[in-house]
Amino acid sequence: MIELAELGMQDIEVVGGKNASLGEMISKLAELGIRVPGGFATTAAAYRDFLSSNALDEHIAKLLDDLNVGDLDALTAAGLEIRDAILAAPLPERLIADIDSAWQAMSAGLEIAVAVRSSATAEDLPDASFAGQQETFLNVRGLDHLIGALHKVYASLFTDRAIAYRAHQGFDHNQVALSVGVQTMVRSDVGSAGVMFTLDTESGFRDVVFITASYGLGETVVQGLVNPDEFYVYKPALEQQKHPILRKNIGSKLIKMIYSEHLTPGKTVDTVDVDEAESQVFSLTDEAIIELSRMAVTIEKHYGRPMDIEWGLDGTDGKLYILQARPETVQSRSGRSIQRFTLKGRSSVVTTGRSIGNKIGSGTAKIIRSVKEMDRIQTGDILVSDMTDPDWEPVMKRAAGIVTNRGGRTCHAAILARELGIPAVVGCGDATETIKDGQDVTVSCAEGDEGIVYDGKLDFEQQQIELDSLPDIPVKLMMNVGNPDRAFDFANIPNHGVGLARLEFIINRMIGVHPQALLEYDKLDDSTREAVDEQMAGYNDPVQFYIDKLAEGVSTIAAAFAPEPVIVRLSDFKSNEYANLIGGERYEPKEENPMLGFRGAARYVSESFRPCFELECAAIRKVRNDMGLRNVQLMIPFVRTVQQAKDVIDLLIANGLERGKDELKIIMMSELPTNALLADQYLQHFDGMSIGSNDMTQLTLGLDRDSALIADLFDERDDAVKAMLAMTIVACKKQGKYIGICGQGPSDHPDLALWLLEQGIESMSLNPDSVVETWLFLAGESV
């Protein structure tokens with residue numbers, strides 16, 4: 001036996017990766033604020049001695065030498081025979097005596113609860129996680145139960161999933177040995193627990209800590225039994241002592257795992273329902289989120305690589321503890337190329353959940369309700385289940401996609417899906433009901449945090465982008481980004497920042513409520529207030545909910561692209577679009593042509609909407625001042641008169657957003673003929689212009705761009721439109737101010753892109769899926 005505090009990473013061959021890492025943190029990081037529960041570990045040598053003393057090593061080698069793990073019947077039979085043999089063999093007396101001695105020293109005569117975990121010598125390595133391959137036993141009490149649990153952990157080295165995983169990863173079964181870690185339990189059964197990664201698990205974005213959390217013992221999160229809360233924390237803000245929390249997504253957290261009241265040898269924990277009111281509250285405070293993130297960064301710096309960390313919040317002493325830490329095995333190994341998957345069409349949505357990875361897969365759905373049905377999965381099928389179990393690893397690699405009712409993005413199934421490169425949509429809630437067995441479906445993880453299952457086998461395309469092969473071009477290519485869920489992923493595409501970050505997507509998807517309804521929350525009728533309450537779960541103050549959610553969306557985009565500029569266009573909903581938000585019909589006028597009505601700058605300075613606009617200002621202040629994301633610039637849309645421009649600038653100043661102060665730049669959209677004709681006058685109030693070519697074309701040619709009857713007349717290359725664009729560009733260049741264009745015109749019409757280059761445009765802001773193609777086109781033309 002060796003105390004964990006005496007171990008370090010040099011002892012992997014002695015006690016396996018997990019126990020070596022625990023010892024490393026106890027001995028090296030305690031003084032830096034990393035709390036790790038103590039305990040002891042058996043050695044790999046003790047395990048080998050157990051096998052040899054019972055002639056088990058020869059028996060195991062004979063059974064596994066020629067085993068085809070793809071033959072599930074053979075795999076099941078071999079695994080069962082090995083486990084039975086291990087459990088039937090007596091543990092060496094010396095091992096039992098050593099465990100007894102270590103247990104007496106650890107317990108000091110008190111009744112204590114411990115966790116008994118495996119630690120394989122090939123486990124927790126940078127290129128293979130071994131996530132969930134062996135068994136863990138929680139709330140183990142008393143020496144006899146400890147010895148029994150250790151014996152079962154030994155046997156679990158040969159679960160079907162562990163045998164198959166080692167085979168798939170290329171590990172020799174005979175070279176892998178097992179240590180068992182015995183660790184004091186953290187009372188997260190009356191607190192909360194979860195998993196965190198020191199990067200974004202889906203995009204590989206390195207500047208965040210991603211935390212999942214739920215009530216009770218962390219096994220519910222690890223096993224994918226719950227849909228947990230999710231938090232993103234921005235590392236640079238953490239280091240600068242700024243407010244670092246980018247995103248908070250509340251999970252359903254329907255169940256939790258607690259200590260059993262009546263212990264039996266086979267039952268030490270219970271799974272119980274979470275009170276509905278409690279499930280609507282975040283399982284971590286902001287202070288705990290920040291403290292956890294500091295721990296994560298400290299651990300990452302010590303190991304020098306991205307890490308996958310399990311943690312627990314003790315509900316009795318209120319302290320956070322690290323339960324294990326291992327290298328992240330997927331994104332940290334990705335190279336200097338990215339794969340992009342794009343659907344060519346859409347069909348009806350069958351269900352949605354959390355996306356794992358960014359790929360697309362299609363096939364025939366097979367609903368699997370237990371491990372006994374695994375052999376129904378054939379190559380190219382879609383595996384659908386309530387939740388996936390690590391026992392299913394042997395067939396997971398056959399699947400073209402995985403869909404589950406339960407689980408979060410850090411559970412074992414999600415980790416394995418990433419390692420295997422399989423798209424998975426987890427936490428759908430109703431997948432096994434809405435998807436029919438034998439139904440053809442398409443699993444899309446290429447549309448952001450939300451994974452979508454479509455009816456039928458849809459066509460999609462795959463693009464491989466070599467990031468180091470893109471040549472220089474004579475213009476800055478920026479992106480149009482409205483969905484914060486895609487920001488980390490989009491930031492992998494070569495870019496010069498974000499030329500258009502729309503607030504409308506954030507308001508519509510992350511908030512969903514008219515701002516005036518939140519300002520007048522107490523005046524709402526019961527049904528509307530109930531709908532608002534559902535949207536703002538986890539938040540107590542309606543107004544602060546609006547500000548915080550707007551800030552979350554903006555800060556996520558800004559963090560993803562920092563230090564490049566992110567130009568945030570303040571809200572440009574039309575009255576009919578605002579009316580579609582919860583409570584919106586109460587406050588919005590009925591207009592004949594909302595496209596030309598109450599929108600943009602006119603809305604901001606109106607008496608009726610000004611209080612709502614001031615909430616947007618408060619969110620921007622939070623992002624720039626509290627979070628330190630000074631790369632955020634502002635853009636004002638649909639400015640009809642020079643006086644309106646002045647009024648908006650004055651309103652921004654009154655709300656703490658002064659042009660030129662703290663590096664703040666304010667751009668206006670040039671999208672009306674008046675903006676081009678009087679560009680010199682407008683530019684007295686702004687730092688530059690961004691051409692909105694859609695509205696400029698519509699208003700120059702007198703078209704309704706939503707009318708199919710005259711759609712053939714809509715052309716951004718029309719001479720009159722180009723005259724307006726040229727006037728805008730000339731005015732900006734004359735005054736030495738920023739000039740860009742945001743829209744698909746340059747990518748849809750290569751001749752327009754070349755014309756804009758000739759005019760001296762500074763930047764083009766395109767949809768992300770057009771950036772690389774346009775980049776390569778412009779590089780070829782410039783050569």
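This is a predicted model: local features need pLDDT of at least 70, side-chain atom pairs count only at pLDDT 80 or more; totals for chains, interfaces and linings use all residues.
Local features were considered at pLDDT of at least 70 and side-chain atom pairs at pLDDT 80 or more, whereas totals for chains, interfaces and linings use all residues. Residues are numbered from 1 along each chain as its sequence is written, and side-chain values use heavy atoms, with hydrogens and water left out.

Asp 189 is situated in the loop that links strand S5 (178–184) to strand S6 (192–197); strands are DSSP runs of E with at least two residues, helices runs of H or I with at least four, numbered from the N terminus. Asp 189 counts as buried because its relative accessibility is 5% (buried, under 20% relative accessible area; exposed, over 50%; partly exposed, in between; 1.4 Å probe, protein chains only). Beyond its neighbours within four places in sequence, Asp 189 is in contact (heavy atoms within 4.5 Å) with Gly 216, Leu 217, Met 257, Ile 258 and Tyr 259.

Glu 564 occupies the loop between helix H19 (542–561) and strand S25 (566–569). With a relative accessibility of 31%, Glu 564 is classed as partly exposed. Its contacts, neighbours within four places in sequence being set aside, are Asn 495, His 496, Gly 497 and Asn 631. The C-alpha atoms of Glu 564 and Val 498 are 7.7 Å apart, although 66 residues separate the two along the chain.

Leu 677 belongs to helix H24 (residues 673–677). Its relative accessibility of 54% places Leu 677 in the exposed class.
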